[in-house]
Amino acid sequence: VNMPSEDIVALQSALLNLSLKCYRDQYEYGNKVLENTRKIFDNIASDTQVPTGTQAAKELVKMLKIPIDCYDILDVLKLNHYKLVLQLLSYRERHTVCMYIINGILDKETIIPTAEQVTQLFELLLTLIVDQTDNPSEASRQTITNEDFVEEQNLVARLCNNFQAINDPDQQYHIIKICQDTFKNGGLERMRFTYPPIIMQAYALTFRYKTIREQDEKWEKKCQKLFQLCNQLINTLTKLETNDLPLRLYLQGALAASEIGSENAETIAYEFFSQAYTLYEEQAGDTRAQCASLTLLIGTLEKVACFGEENHSTLRQSLTQAATRLVKRPDQVRTLLLCTHLFWSAQRVNESTQKSEQVRDGEKVLACLKKATKLTTQIMDQSVQVQLYNELLNCYIYYFNQNHPDIDITALNSLIEKLQSETSKISSNESDEFIRNQIQKTFDYLRQQSQVEKFQGLQINN
């Protein structure tokens, strides 16, 4: 009774080490040691934590690391009193043990396969998942600028990828729901890390339901529930100061819905896409972010193949108009060149055959190219203008190779002549060397192609 608490813990640690290493399958031995440890501290001072930084606290941390080193986490969860001993520690030591647990799981690549085990694990890791009343520096911790907080939450996010009910999709759905119910209590700063992995898990689960659609007649309803859940989670993330993350997640949802191809895929994909477009419009003050987001929107629409003509037409026209509304001329030109693919290689569903087909609207492609050419002539910076002429020429070459009916050798020669003329005007300093190399590669390609019959008549100066 007079023994110092740190010595008591050291003895219990030795006993725990012995029981776990010599009797690996006898969980009750280790559990009994943990139970006795908790009882000893309850007798010393009931309902009080071991003071942080003390030798007893350090010894308890060492003790709690032993099962993590000996077992994988699924075995540790069988030690019912592990959590009770962990609760003896104050915030700093609990945090250390929780980080050790997660690193152990990630290093051993342990898969947690059931909702019950995920729940038990979250009970152990609560210190990292929700605010703690005994955290002395909580106000300064919960911010994206705090490196320790970011590292900790990145580990929690990575942990979500280890929650895999490999042969039971319905069990996986329960795991995702438990993650949602747990993480929603963590606050918005944590959600920016913890929500994206469970959203991606939900998207992945829709593909698993699609593969078993022959055995599960309710697969479409289950997919719809998952998309509704994702919409709800992403909507929460829109409250963050950045729109980039939710916008990307919405677009990923549109792609997933298109790939799944369920009965209401078009409705889901359109909802996700329109939400992403709304977020794009809210970025009005940030020209660089707007240009990057518009590029993502265009690329995604080019890949989504479940829209009928009405919805596809609405979206591609909206994106083309958005390209012309960008603040900077070079951004307008580049996004317009991307928009040409929405009228050519993008896919829509034919109403009569119900099969997807490429748009192939040569007239609209040419209109975009002409608009981009006109905007390029209005750019004042000579180097930027020449670079854009080169990008225009590359785009014309692409559609010439694609057998666009209105793009012929004459159109290519006209652009080549313009590019060669403007290139001679730019200086030969180091900053323009990159542009010259780009142009040289374009001309090298054209000289090589001029041997092909299709390219006969090309006029390139040496």
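Helix H14, which covers residues 244-260, contains 17 residues and spans 24 Å from its first C-alpha to its last, close to the 24 Å expected at 1.5 Å a residue, where the expected span is 1.5 Å times one less than the number of residues. Helices here are DSSP runs of H or I with at least four residues, numbered from the N terminus. The structure is a predicted model, in which local features need pLDDT of at least 70 and side-chain atom pairs count only at pLDDT 80 or more, whereas totals for chains, interfaces and linings use all residues. Residues are numbered from 1 along each chain as its sequence is written, and side-chain values use heavy atoms, with hydrogens and water left out.

Within H14, the buried residues are Pro246, Leu247, Leu249, Tyr250, Leu251, Gly253, Ala254, Ala256, Ala257, Ser258 and Ile260; buried means under 20% relative accessible area, exposed means over 50%, and partly exposed lies in between, with a 1.4 Å probe and protein chains only. The cover over these buried residues includes helix H12 (188-211), helix H13 (219-237), helix H15 (265-281) and helix H16 (287-303), contact being defined as heavy atoms within 4.5 Å. After H14 comes Gly261, with a positive phi near 65°. In the loop between H13 and H14 lies Asn243, which counts as buried because its relative accessibility is 12%. When neighbours within four places in sequence are left aside, Asn243 is in contact with Thr238, Leu279, Glu282 and Gln283.

Helix H6 (residues 91-108) and helix H10 (residues 147-160) pack at an angle of about 40°, with their axes 10 Å apart; axes are lines fitted to C-alpha atoms, for helices over the stretch in contact, and angles run from 0 to 180 degrees between N-to-C directions. H6 and H10 are therefore oblique to each other, since angles under 35 degrees count as roughly parallel, over 145 as roughly antiparallel, 65 to 115 as roughly perpendicular and the rest as oblique. On the H6 side, His95, Met99, Ile102, Asn103, Ile105 and Leu106 meet Glu152, Leu155, Val156, Arg158 and Leu159 of H10. By class, the residues of this contact of H6 with H10 comprise 7 nonpolar, 2 polar and 2 charged, where Ala, Val, Leu, Ile, Met, Phe, Trp, Tyr, Cys and Pro count as nonpolar, Asp, Glu, Lys and Arg as charged, and the others, Gly among them, as polar.

The axes of H7 and helix H11 (residues 169-183) come within 9 Å and cross at roughly 20°, and H7 and H11 are therefore roughly parallel to each other. Their contact is formed by Ala115, Val118, Thr119 and Phe122 of H7 together with Gln171, His174, Ile175, Ile178, Cys179, Thr182 and Phe183 of H11. The contact of H7 with H11 has 7 nonpolar, 4 polar and no charged residues.

Most residues other than glycine have a negative phi. Glu109, although not a glycine, has a positive phi of about 55°; Glu109 is found in the loop between H6 and helix H7 (115-124) and counts as exposed, because its relative accessibility is 64%. Asn403 likewise has a positive phi, near 65°, in a residue other than glycine, and its place is in the loop between helix H20 (382-401) and helix H21 (409-423). Asn403 counts as exposed at 56% relative accessibility.

Terms used. Helix = DSSP H or I, 4+ residues; strand = E, 2+ residues; numbered from the N terminus.
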